Amino acid sequence: MIHALPKAELHLHIEGTLEPELMFELAARNNIQLPYHSVEDVRRAYEFSDLQSFLDIYYAGAGVLQTEQDFYDLTWAYLLRCQQDNVVHTEIFFDPQTHTDRGIHFETVIKGIHSALQEGEKKLGITSQIIMCFLRHLSAEAAMQTLEMSRPWHHWMIGVGLDSSEVGHPPEKFKAVFARARHYGLKAVAHAGEEGPADYIWGAIKSLGAERIDHGVRCEDDQQLVNYLVEHQVPLTVCPLSNEKLKVFSHLEDHNLKSMLNKGLLVTVNSDDPAYFGGYVNDNYRAVQSALSLTDDEICQLVKNSFNASFISTELRTGYL
Ligand code: ES4
Ligand code: ZN
């Protein structure tokens with residue numbers, strides 16, 4: 001049933017779709033030495049204790065991405081997985097600073113991703129949008145420079161987001177950056193309430209103008225916040241297998257997805273960094289269906305939510321629903 005339903009994915013870091021096999025292929029192509037001997041060796045390294053222990057490995061892995069073709073190949077491989085999973089619309093994040101800080105041009109990154117997405121629409125019928133994320137462990141000035149650098153390609157992006165190490169980097173740090181991005185016509189989303197407190201979700205909404213919250217699972221700590229999110233139908237892009245791997249919840253059986261859904265929150269299911277967390281979007285749906293005993297109606301609601309929470313036009317959305 002899960003496979004049969006056309007769905008949208010709204011929380012996906014393209015750098016997080018880098019499978020070990022492609023990592024080795026790109027390392028060889030670009031003459032880069034990896035600190036791993038084999039694909040199995042890489043997979044064994046994917047044991048995380050929290051968000052930071054994952055991010056360290058994830059940023060190191062992205063080092064093999066050098067040319068426009070590399071970014072194209074990465075994105076194309078993800079689109080083929082979308083086709084397998086019956087994902088018909090996807091809104092993907094990329095982290096320009098992960099690449100520009102090691103000397104890769106912004107243009108190289110965005111052109112490779114964008115041309116693969118265009119091909120995906122033509123050849124696979126998958127519609128898509130690009131969201132540029134700022135790394136919150138870096139300064140607001142660096143984010144502002146990235147925003148300015150990206151101006152020639154704003155017509156290829158639907159919005160900006162905020163990711164990386166959450167605790168100690170509250171949304172308010174990026175208030176001016178997000179105000180400028182919105183002035184340029186970009187939408188705003190932000191990771192909040194993954195490891196950070198419910199207050200960061202308020203901050204993302206009130207200080208950054210975020211229209212959608214990535215993760216947001218900590219919202220249940222604040223009843224007033226839950227009321228607000230329900231009343232305004234602010235979407236939460238939840239990533240169950242990510243939360244399990246990064247120990248946001250000790251066991252998937254303890255996940256609050258079902259509880260949030262039953263409170264009327266606009267929650268969706270997404271894969272985050274599927275190459276690192278052990279599953280693409282259908283794996284995430286199946287895992288929560290089993291761990292939380294979700295009914296067919298609940299699965300259908302989650303799939304409907306994925307379109308209602310998306311940035312696709314109302315006309316297109318009606319076609320999908
Ligand atoms: C991320 Cl799971 C997660 N949280 C925050 N930032 C990220 N970047 C890539 N995956
Ligand atoms: Zn994420």
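## Burial and overall form

In this predicted model, 47% of the 321 residues of the protein count as buried. The protein contains 16 helices and eight strands, and its radius of gyration is 18 Å, close to the 20 Å that the globule rule gives for 321 residues, so the protein is as compact as a globular protein of that length.

Taken along the principal axes, the C-alpha atoms fill a box of roughly 50 × 40 × 40 Å. Among contacts between residues at least 6 apart in sequence, 75% join residues at least 24 apart.

## Strand S4

Strand S4, which spans residues 159-163, is mostly covered, since five of its five residues are buried. In a regular strand the side chains alternate between the two faces of the sheet. In S4, Gly159, Gly161 and Asp163 point one way, while Val160 and Leu162 point the other way, and all are buried.

## The partners of S4

Strand S3 (residues 127-135) runs parallel to S4 and is joined to S4 by five bridges, with Phe134 standing opposite Leu162 of S4.

Note on methods: Residues numbered from 1 in each chain as written. Chains lettered and ligands numbered in written order. Predicted model: local features only at pLDDT ≥ 70, side-chain atom pairs only at ≥ 80, totals over all residues. Helix = DSSP H or I, 4+ residues; strand = E, 2+ residues; numbered from the N terminus. Rg over C-alpha atoms; globule rule 2.2 N^0.38 Å. Buried ≥ 20, exposed ≤ 12 C-beta atoms within 10 Å, placed from the backbone. Contact = placed C-beta atoms within 7 Å. Pairing = 2+ DSSP bridges.
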